[in-house]
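Morning, everyone. Please have a look at the structure on the screen.

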Amino acid sequence: MKVISLLALVGSAAAFAPAQQGRTATSVAAFENEVGVTAPLGLWDPLKLIEDGNQEKFDALRERELKHGRVAMLAVVGYLTTAAGIRFPGAENIPDGMAAWQALLDSRDGQNVLLQMLAFFAVAEIVNRDAPWLDNEAEFVGDYRNGALDFGWDKLDEATKLKKRTIELNQGRAAMMGIWGLVTHEMMGNSILPGGYLPGH
């Protein structure tokens, strides 16, 4: 009840905020043709984070959105894979779902796995950046090929590249909602997986 009252109070305070004039419409219009501005929402910025039209801020937010989307896609795949009973050799006794974290903390082998995960995250964070010592420039925000990985990207025409970038953004957005939904339902004790299976229980 207290949370609902607080939300109502915050929402009512917005009614007394000064009205924005025409500046916002022209500033935000600069981003109307960016990748990821798709129907039905179009350019959706409910928190007014880019209303000033600052390209650097937009690029930083886009980079974070891409990173979170990529991590969320991996998280959904990992969550569903372990829920299906697939494990690495030696990890057959580790439960699935959120219960896996405590099981990893409780054993020496599990702690080693957590340290390996931490090391992987650190290496991935270092590698997935524009490398200033290389003589190449990123094609777009979130392009971390660094002149080494291509997988045929440079052979694609511009329309196909734009389509694939839009698909990645939208799938990342869906995955962020997906992992949130999977974990939330698990914590509530409600299964949304086939057969009524509830991970970690």
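What is the rule? On a 1 Å grid over the protein atoms alone, a cavity is a set of points where a 1.4 Å probe fits but cannot get out; a pocket is an open set with protein on both sides within 12 Å along at least five of seven lines; lining residues have an atom within 4 Å of a point. Grid points are joined across faces, edges and corners, and a volume is the space filled by probe spheres set on the points.

Two notes on the source. This is a predicted model: local features need pLDDT of at least 70, side-chain atom pairs need 80 or more, and totals for chains, interfaces and linings use all residues. Residues are numbered from 1 along each chain as its sequence is written, and side-chain values use heavy atoms, leaving out hydrogens and water.

Back to the cavity. The largest cavity has a volume of about 40 Å³. Its lining includes Y79, H185, E186 and Y197. Helix α6, residues 158–188, gives the most to that lining, with 3 residues. Helices here are DSSP runs (H or I, at least four residues; strands are E, at least two), numbered from the N terminus.

Now the second largest pocket. Its volume is about 830 Å³. The elements giving two or more residues to its lining are α3 (55–83) and α6. The largest share, 6 residues, comes from α3. The pocket is lined by 24 residues, and W44, D45, P46, E65 and R173 lie nearest its centre.

Next, the backbone. Most residues other than glycine have a negative phi, and most peptide bonds are trans. A39 and P40 are joined by a cis peptide bond, with omega about 5 degrees. P40 sits in the loop between α2 (23–28) and α3. K48 is in the loop between α2 and α3 too. K48 is not a glycine, yet its phi is positive, about 60 degrees.

Last, D96. Where is D96 placed? In the loop between α3 and α4 (99–106). Is D96 buried or exposed? D96 is buried, at 4% relative accessibility. Buried means under 20% relative accessible area, exposed over 50%, partly exposed in between (1.4 Å probe, protein chains only). The side chains of D96 and Y197 make a polar contact of 2.4 Å. The D96 side chain also reaches the backbone nitrogen of G200 at 2.7 Å. A polar contact is a pair of N or O atoms within 3.5 Å; within protein, one must be able to donate a hydrogen and the other to accept it, and residues adjacent in sequence count only if both atoms are side-chain atoms.
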